[in-house]
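Subject: Structure handover and notes

Dear colleague,

Please find the structure below, with my notes after it.

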Amino acid sequence: MLLPLLAVLLGLALLVWSAEKFIDGAAATSRWLGLSPLLIGILVIGFGTSAPEMMVSVLAALDGNPGLAVGNAYGSNIANIGLILGLVALVSPLAVHSSVIRKEMPLLMLVMLVTGLMLLDGFVARWEAVCLLIALVVFIVVSIVRSRNQPLDALEADVSGVLDNKPMSRGKAILWTLVGLVFLIASSRILVWGAVEIALGFGVSDLIIGLTVVAIGTSLPELASSVSALRRKEHDLVLGNVVGSNLFNSLGVVGLAGVIAPIEAGREVLVRDWSVMTGMTVLMIIFAFSWRGRPRRINRFEGGALLALFIAYTGYMVSIVVMSR
């Protein structure tokens with residue numbers, strides 16, 4: 001059991017480092033290619049923070065562990081809202097200014113409902129996974145078209161600040177993108193092996209490990225990015241990371257894993273995990289949405305509530321592992 005545990009710890013450490021380098025390099029490369037800061041924020045940074053989830057879930061599906069793949073995606077969504085958004089808002093209330101993020105939130109809610117319908121029969125078939133990937137492509141295309149006519153947005157200003165603080169030459173940007181990608185793949189392979197071995201050792205499903213250890217670990221890049229953005233008072237970038245990452249996890253990560261290997265999800269995924277994920281998404285939207293045009297903040301009480309829900313959920317999942325011994 002010691003070797004798999006060391007593999008998970010090493011995999012997580014490399015995953016956080018490589019994800020940061022990959023995102024920095026990809027964002028700088030995108031700027032050299034002429035993408036607008038708004039589009040970089042929505043697609044490159046928002047989705048780039050989900051690169052660890054994508055790598056881990058794809059490798060898990062290829063290895064015949066689809067439960068780990070879907071557990072990683074949904075568990076990361078729960079961690080993004082409860083651990084990251086909740087913790088950051090508890091430290092400093094988050095002001096929400098970006099109209100782009102507010103428009104993406106109802107879309108995220110719609111995606112939650114669609115995935116719930118897919119899970120009713122306890123199975124995500126390949127054609128359903130393809131539909132998720134098509135929806136992701138449509139979202140990306142619409143985002144590109146909309147960004148061309150979008151007036152200056154708070155998220156765009158935040159992203160411009162990030163890019164200005166980390167200037168890179170074209171060659172360095174491409175190099176870090178490639179280096180980050182290579183280490184993402186390698187660290188994900190190490191992490192998946194260790195997680196599966198731990199699941200076998202404890203006698204629990206790979207789904208449980210995916211929802212807990214792996215999910216929290218693959219969410220660490222979002223946490224690091226959010227803490228960094230908070231220090232610069234770039235509140236919209238914090239929320240944009242969470243919303244963009246959760247969209248990509250639900251559409252891209254589950255979609256890719258489901259195309260590789262159809263996912264058999266027990267009823268507990270719908271009743272327990274999907275319900276928690278969707279409920280926390282609803283709370284996030286309520287807390288962040290501006291009603292009647294009034295400025296809105298996710299305050300410390302609301303952040304504490306999200307964090308408490310995450311702790312309660314994680315505690316329950318840990319109790320399942322303990323009881324299985």
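Angles between axes count as roughly parallel under 35 degrees, roughly antiparallel over 145, roughly perpendicular from 65 to 115, and oblique for the rest. This is a predicted model, in which local features need pLDDT of at least 70 and side-chain atom pairs count only at pLDDT 80 or more, while totals for chains, interfaces and linings use all residues. Residues are numbered from 1 along each chain as its sequence is written, and side-chain values use heavy atoms, with hydrogens and water left out.

Helix packing. Helices are DSSP runs of H or I with at least four residues, numbered from the N terminus. Axes are lines fitted to C-alpha atoms over the stretch in contact, and angles run from 0 to 180 degrees between N-to-C directions. The axes of helix H8 (residues 170–202) and helix H9 (residues 206–218) cross at roughly 140° and come within 9 Å. H8 and H9 are therefore oblique to each other. The crossing of H3 and H8 is right-handed.

Salt bridge. The term covers a side-chain nitrogen of Lys or Arg within 4 Å of a carboxyl oxygen of Asp or Glu. By this rule there is 1 salt bridge. It joins the side chains of arginine 272 and aspartate 273, at 2.7 Å from N to O. Arginine 272 and aspartate 273 are both buried (under 20% relative accessible area; exposed is over 50%, partly exposed in between; 1.4 Å probe, protein chains only).

Threonine 278. This residue lies in helix H12 (residues 267–288). Threonine 278 has a relative accessible area of 8% and is therefore buried.

Surface patch. Val130, Ile134, Val138, Val142 and Val259 make a nonpolar surface patch of about 370 Å². Such a patch takes residues with over 30% relative accessible area and no salt bridge, nonpolar side chains (Val, Leu, Ile, Met, Phe, Trp, Tyr) being joined within 5 Å. Areas come from the Shrake-Rupley method with a 1.4 Å probe. Helix H6 (residues 126–149) gives the most to the patch, with 4 residues. Valine 142 lies in H6, and its relative accessibility of 42% makes it partly exposed.

Regards

Notes: Patches are made of residues with over 30% relative accessible area and no salt bridge: like charges are joined within 9 Å, nonpolar side chains (Val, Leu, Ile, Met, Phe, Trp, Tyr) within 5 Å. Helices (H or I, at least four residues) and strands (E, at least two) are DSSP runs, numbered from the N terminus. A crossing is left-handed if the near helix is turned anticlockwise from the far one by less than a right angle, and right-handed if clockwise.
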